[in-house]
Each structure stands twice: as structure tokens, then as C-alpha cells.
Amino acid sequence: MTAVRDELLEMAVGRLAGLVRSGEVSAVEVTEAALDRIARGRDLGAFLTVQAERSMERARSIDARRARGEPLGALAGVPIGVKDPICTKDVPTTAGSKILTRSRRDPGDPEADPERGWRPPYDATVVTRLLAADAVLVGKCNMDEFAMGSSNENSAFFPAKNPWDPKRTPGGSSGGSAAAVAARLVPAALGSDTGGSIRQPAALTGTVGVKPTYGRVSRYGLVAFASSLDQIGPIASDVRGAARVLTAIAGHDPHDSTSSRAAVPDFEAACGKSLRGLKVGVPAEYFGEGLGEGSGGAGKGIEPEVEASVRAAIDALAKLGCEVRPVHLTTTKYAVATYYIVATAECSSNLARFDGVRFGLRASASGRSGAKEDLASIYAGTRGAGFGAEVKRRIMLGTYVLSAGYYDAYYLRAQRVRTLFRRDFEAAFREVDVIAAPASPTVAFKLGERVDDPLAMYLADVYTLPASLAGIPGISVPCAPAPATTDRPELPIGLQIMAPPLQEERLFTVASAFEETCPPRRAPL
Amino acid sequence: MRVTTTGISIEEVRRIAKLANLDLEGAEAERMARDLGQILAYVEQLREVDVSDVPPMAHVDDAGIVPRPDEPEESLSQEQALREAPSVEEGGFRVPAYVDEG
């Protein structure tokens, strides 16, 4: 029985939806299978909360509608995990933070409990759209607090683990979404990507992750980290599945003025097309030593196994008919410095709303016992008690670079350098159709390895930050894994493809063709 | 290694923390001074980039931002808006008095 159920979750998203639409499999069966597998995969820490009853109720209503002869949507009965900064009406939404949980009723309660998370009074637009496509949203996925991190270890609750080797990180910040899909607890999940938070965990877990063009997907109902960079996108077990989810969630939304009015194509239709004559640029700056340099020996450029696998993948693209040529993205080495000024400045402003007044935690100032409780002490005390170390670090850095006397030297300068990233890509895309590169300089690193060295952690994002700064779309698709060693099992590696703004179809065309040569693999459970 | 620890003093950290409405405990402030110093030293490298005549980019505008019409829409009820508040009184968010009437 378990084997049959597991099979449902191991099949491609489109095939699963097809079986539910045709009635060969019921949404209830699929949902039960997912809930069962989520329970068995509990140690992975992929989910913060699971909505079992709600999911079953929804599955029954989908089956009932089918029984009445109503047509079902493109994601009929597909269990989907939703990263936790995405608002789900009346369902706990913590963004991985203690500050979005209600205070303990009595001291015996666990200190941080995602079940006591803030219950939004509305659904994010992406949630509304997934529901309209008849998906079943089974749970909220673990993440680094407010999406700030590259290893999921900044979750206020517990870290998610990499199913390929539970001693290692699934990446971050959408680590829970990636771990859930890698172990096929669900065939697809939503993540959010501000500087690589979809593509990097997808690479480290052997899943497909898409960061759409900035503005392609509505941010309405996404707890904001850095508004000029944040973008929601899919993580899925196969390229076509990711395309199908993106097609469902993309498109203009009157509630997000930055969402694009461009027509949304059927991204799945871009899959399976020929690559003949397609020009693929390979940026020299993404290979070799030097890029990851800068801190504590943790960033020594690209790992040889990663470089070998990505270069082999690019050779495979050439065999599929692509014309491969070098391009230059000369600003790349400034990505980490630029990003950590721009993103922290925006976060220090966005996170000002968490002050203990309207939602979540309220605490008084610590170390001020006996002092009069005033509004300022509630603000500072709540934020001091409710935010974790990395979030505080970024709020502090952002406040610093925006403060009088430093604004021009840091923030304004970083915004000017950001323009150069945009120009770099514009110049490259005059010569090539897509750019191929690694998604992460390393395979999944060990939990605990970088937690005491923030800069080393930041360098994990060096290959994904440029596309984020430029606002262009990118995908990570699994390429040949790094072979097992005496020290560790085989570990996934991701090939990153980038395209000009609103040209996600090219990503899907290239990634689906490449996937034929390197079929999706499921992590052990 | 590009990283050197430029000084950022505890006093500076306290000043920034006050601007950010953030309570930091003693050990936290010391750690913060060290971490911020290290990160600020790293981002110093942006000084070597020639950005004269390069305009700043505040956001990506491929979408062509057009605000929606300014028309009234249905909004949250008072009950919905207050449901998650840590402290409520008489249909509002309850906070300590912040105007000293004494």
C-alpha cells in the first residue's frame, strides 16, 4: 500500500494532475499519501505546520466536483507545500520567526511554536491562484527567519535537513520547500527568492527551482524582506512541473503595483522544444578561484566537483545543438557586497512593522526591570526578544548604511553598482539567448559549518545574487551529482540558466531538454 | 583575504540599535560590533568601482509600474484587523500611554 502511495508522489506533477482529472486516482488518495509521507519524513524538518484536516476536506471537495462532472484545474489534487512567509488565511504564518508567534500563555508552553503563528486574515495572491488551479496546500515549509539565510539554520524553530545527507543543509532560505520536494513529500512547493533562496536550495537538493523575472509573480501576501528583489517561484521534482506551477501563479495582480502586465504564456508549452541554434553564454567569472574568496577559508571559489559537473552539463547543451560561447559579466565579484547593502537597507525598513502592537509577539525591554513600561520599550523589547541573530545583524547593517553620513557612501553607491549588474546582463544578452553557470559554488555543506561566520554564509549566494540584482529570471536544474566519497554520500549539483527579463520560456526550453539527458532523481527517505 | 576588521565601536552599535528600535544585550552588542566591522570591511571593495555617471537603480521596472485606480474597496473588518493583536481594548490596539500628561 505504502509503495503504491509513494508512487503517486514520485511521478511528475503533470501526470499526477492528469490522473486526478481523469478520475483514475482520487485527490483524497493523493492527499493521504502526501500526509503519510510527510509524517514519515518528519525528521527532515521540512514543514513548520501541516494542515491535515483542511487538506483532506479540500481533497474531498475536489473529488466531489469531479464526480459532478465539473472540469478540474491544471494542478488538480497535487499536494503543494507553501513556504511560510506566504500568507495563508487563518493558517499559521510565521516566516520562520518567533516574532510572528503569539506569546506563551503559560511558562510551560514551548518557547517557540509555529502552531502559535500569526493567522493572516487573507490569502496571498499566489495561494488564491494555486487553489483556483485545484491544488491541495498541505503545509507550510520551513525557512530561514524572514528568508535571511542560505542554510535554513536561521529558522527560529528547527533547521531543515538535506534528505541526501541529513547532516547537511538543504540550503536556504527556501530549505524546507526544497527538502520536501527532494524527498517527494510533495511533488512541488512554493519558495521565495531574494538573492538565491529558490535556486541555491534547489541546487543543493537536486530539485528544479525557478526564480521568475522580478514582477512576474505577485508579491501580495508575501511577508516582505527586500521589496525590490523578492520574488515567489516554484520548486518542483521536474521541469514541466515547475513550469505548470509558474503558469498558475504568474500574472498581473492589482494588489501588487510592481507585478508585470505582460501576458503569461503556457510555460509548459516551452518545454521539449529543440535547442538547435540557441546561443548559450558561459561567464568566465563564474568559474575558477577568487569569487568566493573573502572569509575564513570558507569561500575558496568553486569546488572542483561542481565545476566538472556544470561544464559537463554545458557540453551536453552543445551536443543538443546549442552554440556555446564565452561572455563576460565583469561586475560579478561585487555581487555579495552590493546585495548585502541593498537588501539589508530594504529589510531594515520593511521589518520596522514588527513592533509588538498589531500582531505576533509582545515583550517588554529586557534588562530594564523596574523601568516604566512605555511604548519605546515595547518596540525595542519585542524586537530584541523576537528576532534571531541574523535578522538583527541585517537590520543593524541596513540601518547603518541608511543612516545620516553613510547613505551616499554605502547605499547610494551600491545602487549605482546595481545598475552595472543590469548593464552587464543587457550586454551579454545582446550576444546570447541564455547564460549557463553553476547555481552554487559548493555542494551542500554541513549543518553548523558556517553559522558563526556570517560572511562565509553570504558567499554561498555568490552565483545567484547577480540575476536577483538585475531582476532577470533564473532556474536551477539538477546536473550530474558529485560522486560519493568516504566522507559523504553522493550529493546534488545544480546547473543555473539565466535569461533576459520575461523570457522564462527559454529557461524551460533549455532545462527540459537538459533534463532528458539527466532525469530527476529522488532523495532517499 | 580582503577582510580586516575595521573598528565599529560599541557606542556606535548602541546608537544604531536605538535607531532600529532594537534591544541588544551586552554580549549581543559586542558580537554585533565584531560582525558589522567584518561585513563593512568586506563591502569597502565597492569603493574601487567607478560609478561616476552611473545612475542608481532603486528597483527593477520591467513591469512599468501603474498604480491601480484609487477606488474604495472592501477592507478588513475591525474584528479581523484586531484578531491577532497581543493586546486590545475598546476596538483598538492597546499600548501604554505615550503622551505624558503629568
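Me: What is the relative accessible area of Glu44(B), and which class does that put it in?
Reply: First, the classes. Buried means under 20% relative accessible area, exposed means over 50%, and partly exposed lies in between (1.4 Å probe, protein chains only). Glu44(B) has a relative accessible area of 26%, so it is partly exposed.

Me: What should I know about the model and its numbering?
Reply: This is a predicted model: local features need pLDDT of at least 70, side-chain atom pairs count only at pLDDT 80 or more, and totals for chains, interfaces and linings use all residues. Residues are numbered from 1 along each chain as its sequence is written, chains are lettered from A and ligands numbered from 1 in the order in which they are written, and side-chain values use heavy atoms, with hydrogens and water left out.

Me: Which residue does Glu44(B) meet in a salt bridge?
Reply: The general idea first. Side chains of opposite charge can pair when their charged atoms come close. The rule used here asks for a side-chain nitrogen of Lys or Arg within 4 Å of a carboxyl oxygen of Asp or Glu. Glu44(B) meets Arg47(B), at 2.6 Å from N to O. Arg47(B) is partly exposed, with a relative accessible area of 48%.

Me: How many salt bridges are there over all chains?
Reply: The count comes to 39 by this rule. One of them crosses between chains, joining Arg119(A) to Glu84(B). Their closest N and O atoms are 2.8 Å apart. Arg119(A) sits in the loop between E2 and H5 of chain A, and Glu84(B) in the loop between helix H3 (78–82) and strand E1 (88–89) of chain B. Helices (H or I, at least four residues) and strands (E, at least two) are DSSP runs, numbered from the N terminus.

Me: Which end of that pair is buried, and which is partly exposed?
Reply: Glu84(B) is buried, with a relative accessible area of 5%. Arg119(A) is partly exposed, at 26%. Both belong to a network of salt bridges that also links Lys89(A), Asp90(A), Arg102(A) and Arg83(B).

Me: What else does Glu84(B) touch?
Reply: Contact means heavy atoms within 4.5 Å. Gly117(A) is in contact with Glu84(B), and also with residues including Pro92(A), Leu100(A) and Arg102(A). Gly117(A) lies in the loop between strand E2 (79–83) and helix H5 (125–132) of chain A. Its relative accessible area is 0%, so Gly117(A) is buried.

Me: How do I read the interface, and what area do chain B and chain A bury between them?
Reply: The size of an interface is often given as the accessible area lost when the parts come together. Here, buried area is the accessible area (1.4 Å probe) that two parts lose on being put together, summed over both. Chain B and chain A bury about 6200 Å², 62% of it on carbon and sulfur atoms. Asp23(B), Met57(B) and Glu84(B) supply 12% of the area that chain B buries against chain A, more than any other three residues. The contact takes 59 residues from chain B and 81 from chain A.

Me: How many salt bridges does the rule find across this interface?
Reply: Six. The rule also finds 20 residue pairs in polar contact across the interface, both residues at pLDDT 80 or more. A polar contact is a pair of N or O atoms within 3.5 Å; within protein, one must be able to donate a hydrogen and the other to accept it, and residues adjacent in sequence count only if both atoms are side-chain atoms. On the side of chain B that touches chain A, the largest share, 11 residues, comes from H2(B).

Me: How do I read spacing along a helix?
Reply: An α-helix has 3.6 residues a turn, so residues three or four places apart point the same way. Arg422(A) and Glu426(A) are four residues apart in helix H13 (residues 408–431) of chain A, so about one helical turn separates them. Their side chains meet in a salt bridge (3.3 Å, N to O). Arg422(A) is buried at 16%, whereas Glu426(A) is partly exposed at 40%.

Me: How far apart are the end C-alpha atoms of helix H10 of chain A?
Reply: The expected span of a helix is 1.5 Å times one less than its number of residues. For the 16 residues of H10 (residues 335–350) that gives 22 Å, and the end C-alpha atoms are 22 Å apart, which agrees. Of those 16 residues, 15 are buried, so H10(A) is largely enclosed by the rest of the structure.
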